[in-house]
Amino acid sequence: MLTTRHWNALIVLTLIFGTVYIALTRAAPAVLPPSPVIEEPTSNLPAGEPAPEAGHPAPDFTLEALDGGDISLSALRGQVVLVNMWATWCPPCRSEMPALQSTYNRYHERGFTVVAVNQQEDAATVAAYFQENGLTFPAVLDRTASTAASYQVRVLPSSFFVDKHGTVRVVYRGPLPQGILDGTVEELLKE
Amino acid sequence: MYPLIELGPLRLATGGLLLLLAAFLFSWLLGRAARHLGGDTLAEHADAALLPAIVGAALGGRLWYGLVHFDAFSASLSMFAALRLSDMAWPGAMLGGALLGGLWALRHEAPLARLADAAALALPLPQALASVGMLLSGEAFGRTTSLPWGLPLLGTIRHPTQLYYALAAALSAFVLYRMSRSPLEPGMLAAVGLATQGLAMLLVEPLRANPALFPNGIHVGQVFGLALILAGLFWARQHAARRPIVAPVLE
């Protein structure tokens, strides 16, 4: 049976070792990528063939926007575009939305835009989500998931950075860290 | 990652569904644990304390989640009240449930320590179920790893942090059930339950890819975990000096 003194010693030791362990395992800034990785072409596909891979022309699409009009990727040529595949039911997608909005606000005037390609949800659901969360970048409805198929989307969210010439430059799967998002856009806008 | 189950026209979110099942499992196990530890009287108290505890867990879980993701929630405060089961955080749920459940017990002069023991005994298995739900919905995912038990998630191989939590909960359940077969001072199971919960958070949180952090990189979950361990030790110290007075009621 432990005495009160033993318990006190155990508590103090736990506090000391716990604090040291927390300090040793804290998230150091060094674990975050210091700058975005702009991928070089890696595909075996013939150059110039549209593909959702770095170095290839981004597969074009024309989808219905939330405001009722249509948005074509090809019509955005000349801008840096982030094509983001997402859905409101996807927690990691929701978690990156504030970062997308923040980057959009910061770089929109310099020629950057986001096209949030929603996966098979109805316009009312998406519009309500955008309104609730104060999101102002363009969103389109991929009702049949045909665009997701042409981008070979296997996980949500998936993000494709498209440069001013319509070429896919970076493919990122999973929620985008703000640093990678801002850094990639910054690099592509400089070109 | 299987965030949705499609049943005809119905699309059910797996994370929320398993969380709901976990809540039902908890309510059932709580009654059994209370009866085991204190007979019908304690089981009645547990039944009555369940509703305030669940309400407290829901409020606390959402509040904590909203504060951690305040950048998103501050844009629309109505998100704090949104009917979305997945937007919950475990530390807040635990605090909220303990607070309202404890207040109910004090107000009704119910045996708080024995109720806490029953809750500690009932909690780990539902928690393991909820952790599996998090894995299916892709929440609380781990950092990338090359370890052989890494799981493919979100485009890469990651630590299955949700399964680590499930495993920790299963181990905690095993330890607590074994302990519950011996004569113990009321409150000791709760103390051990707190400590095991805290230890799991202390060890697993650094492996998460998107943890809540303080500005200096310290994991919020780890600090909470250490606080739980210390709370468990303090509670154990308070109760350990006393002689066992209650023999277990084995079924």
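Which residues form one aromatic cluster? In this predicted model, the cluster is formed by Trp86(A), Tyr104(A), Tyr129(A), Phe130(A) and Phe137(A).

Over all chains, the count of aromatic pairs comes to seven. For Trp86(A) and Tyr129(A), the ring centres lie 5.6 Å apart and the planes stand at 40°, so the pair is tilted. Because Trp86(A) belongs to strand 3 (residues 80–86) of chain A and Tyr129(A) to helix 3 (residues 123–132) of chain A, this pair ties together parts that are 43 residues apart in sequence. Trp86(A), with a relative accessibility of 0%, counts as buried, and Tyr129(A), at a relative accessible area of 6%, is buried as well. An edge-to-face aromatic pair is formed by Tyr151(A) and Phe160(A), with 4.8 Å from centre to centre and 70° between the planes; Tyr151(A) and Phe160(A) are both buried.

In chain B, helix 3 (residues 90–107) comprises 18 residues and spans 25 Å from its first C-alpha to its last, which is close to the 26 Å expected at 1.5 Å a residue. The buried residues of this helix are Pro91(B), Gly92(B), Ala93(B), Met94(B), Gly96(B), Gly97(B), Gly101(B), Gly102(B), Trp104(B) and Ala105(B). These buried residues pack against four elements of chain B, namely helix 1 (14–68), helix 4 (112–122), helix 7 (188–204) and helix 8 (220–240). Just after helix 3 of chain B, a positive phi of about 50° is taken by Glu109(B).

Definitions and conventions:
Residues are numbered from 1 along each chain as its sequence is written. Chains are lettered from A and ligands numbered from 1 in the order in which they are written. This is a predicted model: local features need pLDDT of at least 70, side-chain atom pairs count only at pLDDT 80 or more; totals for chains, interfaces and linings use all residues. Side-chain values use heavy atoms; hydrogens and water are left out. Helices (H or I, at least four residues) and strands (E, at least two) are DSSP runs, numbered from the N terminus. The expected span of a helix is 1.5 Å times one less than its number of residues. Buried means under 20% relative accessible area, exposed over 50%, partly exposed in between (1.4 Å probe, protein chains only). Contact means heavy atoms within 4.5 Å. Rings of Phe, Tyr and Trp (its six-membered ring) pair if their centres lie within 6.5 Å; planes under 30 degrees apart count as stacked, over 60 as edge-to-face and the rest as tilted.
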